[in-house]
Amino acid sequence: MSDVIRLLQGKVLLAPLAGISNLPFRLTARLFGCDLCYSEMISANGLIRESVKTIEYLKTTPADRPLGIQLFGADPAVMSEAAKVVAQHHPDLIDINMGCPVRKVVKTGSGAMLLKDPVLAGRIITAVVRAARIPVTVKIRAGWSASSVNACEMARIAEDSGAAGIIVHGRTADQGFAGHADWDIIARVKNAVQIPVVGNGDIWRPEDALSMRRETGCDAVMVGRGALGNPWLFRGIRHLFLGISGNVSPSLTERHEIIKKHWAMEAEIYGPRIATRTFRKHLLWYTKGLSGSGRFRETVGKMADSNAMREELDRYFQSLAGAQTEIMT
């Protein structure tokens with residue numbers, strides 16, 4: 001338990017974001033103070049079948065620490081075997097996804113569907129804890145729907161089944177990502193269990209993270225969609241937690257350099273051709289809200305050549321710098 005408290009207490013975590021939280025994204029978040037990253041959710045079935053694509057999700061480096069690997073599945077035996085595979089890669093934590101509301105996950109009985117079957121959820125947690133021999137956390141939502149909020153029950157089951165921590169997203173499964181996260185649910189879970197509780201949902205600004213901790217008493221905060229195109233969010237949160245004041249927003253130069261560094265890591269790890277496709281969304285996120293970004297995103301969105309995309313990126317930031325210089329003079 002002491003190791004988990006050390007990993008979580010007062011820390012800022014990166015959520016397991018499907019299709020996003022790969023190694024380059026995690027390393028970029030760490031540059032700005034993210035304390036602990038979770039992998040994309042990984043299919044337990046895919047792991048035990050030794051699917052090449054699934055094994056790829058386990059890719060990491062010594063700089064990618066501390067690291068949690070997230071698994072999803074609905075069969076205790078399969079989850080147990082998958083946990084053994086994951087443990088061989090020596091992550092710091094294994095997380096069990098019991099909150100994903102995406103249809104292709106739910107229809108397999110995994111993810112948020114387990115909120116409807118707390119008994120099975122407990123059996124899965126017990127099986128993973130026994131197999132992994134490293135700390136196990138469980139990520140849940142408030143409940144399946146507003147009429148079946150059972151986060152406290154699920155958290156107590158997780159604790160009784162050997163989980164070392166619980167991560168609570170304050171929305172119900174049927175909300176998806178609509179509406180607002182109910183932080184009161186996080187506070188209620190914190191009061192219901194003795195293990196560390198991580199709050200998740202609607203952290204868009206550094207001030208949101210500080211408010212969540214104050215309002216819920218949670219041990220740590222987890223950032224998800226707020227980090228898209230905004231790794232500086234972690235720096236801002238860390239500064240607030242440490243009582244450091246001052247502007248943490250990136251300059252145009254810093255933003256440009258981080259985009260290029262993140263893209264270069266994507267190309268180095270996955271190959272230039274794949275990176276051209278996978279990094280496009282990051283270009284859109286990194287430039288959202290900047291002057292003329294709509295036109296830039298429209299232009300880049302039609303491009304297929306990575307060199308042309310990089311040249312357009314450089315031209316765009318040169319134009320922003322020029323406009324900024326004119327304003328200052």
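Is Ser 145 buried or exposed? At 11% relative accessibility, Ser 145 counts as buried (under 20% relative accessible area; exposed is over 50%, partly exposed in between, with a 1.4 Å probe and protein chains only). This is a predicted model, in which local features need pLDDT of at least 70, side-chain atom pairs count only at pLDDT 80 or more, and totals for chains, interfaces and linings use all residues. Residues are numbered from 1 along each chain as its sequence is written, and side-chain values use heavy atoms, with hydrogens and water left out.

**Figure 1. The whole chain.** The chain has 16 helices and eight strands (DSSP runs numbered from the N terminus: helices are H or I, at least four residues; strands are E, at least two). Its radius of gyration is 20 Å, close to the 20 Å that the globule rule gives for 329 residues, so the chain is as compact as a globular protein of that length. That radius is taken over C-alpha atoms, and the rule is 2.2 Å times the number of residues to the power 0.38. Of the 329 residues, 54% count as buried.

**Figure 2. Ser 145 in its loop.** Ser 145 sits between strand 5 (136-141) and helix 8 (151-160). Leaving aside residues up to four places away in sequence, Ser 145 touches Thr 172 and Asp 174 (contact: heavy atoms within 4.5 Å).

**Figure 3. Ile 42 in strand 2.** Ile 42 belongs to strand 2 (residues 36-43). Its relative accessibility is 0%, so Ile 42 counts as buried. Beyond residues up to four places away in sequence, its contacts include Leu 47, Tyr 57, Ile 69 and Phe 72. The C-alpha atoms of Ile 42 and Arg 214 are separated by 32 Å.

**Figure 4. Helix 5 against helix 7.** Helix 5 (residues 76-87) and helix 7 (residues 118-132) pack at about 30°, with axes 8 Å apart. Axes are lines fitted to C-alpha atoms, for helices over the stretch in contact; angles run from 0 to 180 degrees between N-to-C directions. The two helices are therefore roughly parallel (under 35 degrees).

**Figure 5. Helix 10 and its cover.** Buried residues in helix 10 (residues 206-216) include Leu 210 and Met 212. Their cover includes helix 9 (183-192) and strand 7 (197-200). Gly 217 follows helix 10, with a positive phi near 75°.

Definitions and conventions: Angles under 35 degrees count as roughly parallel, over 145 as roughly antiparallel, 65 to 115 as roughly perpendicular and the rest as oblique.
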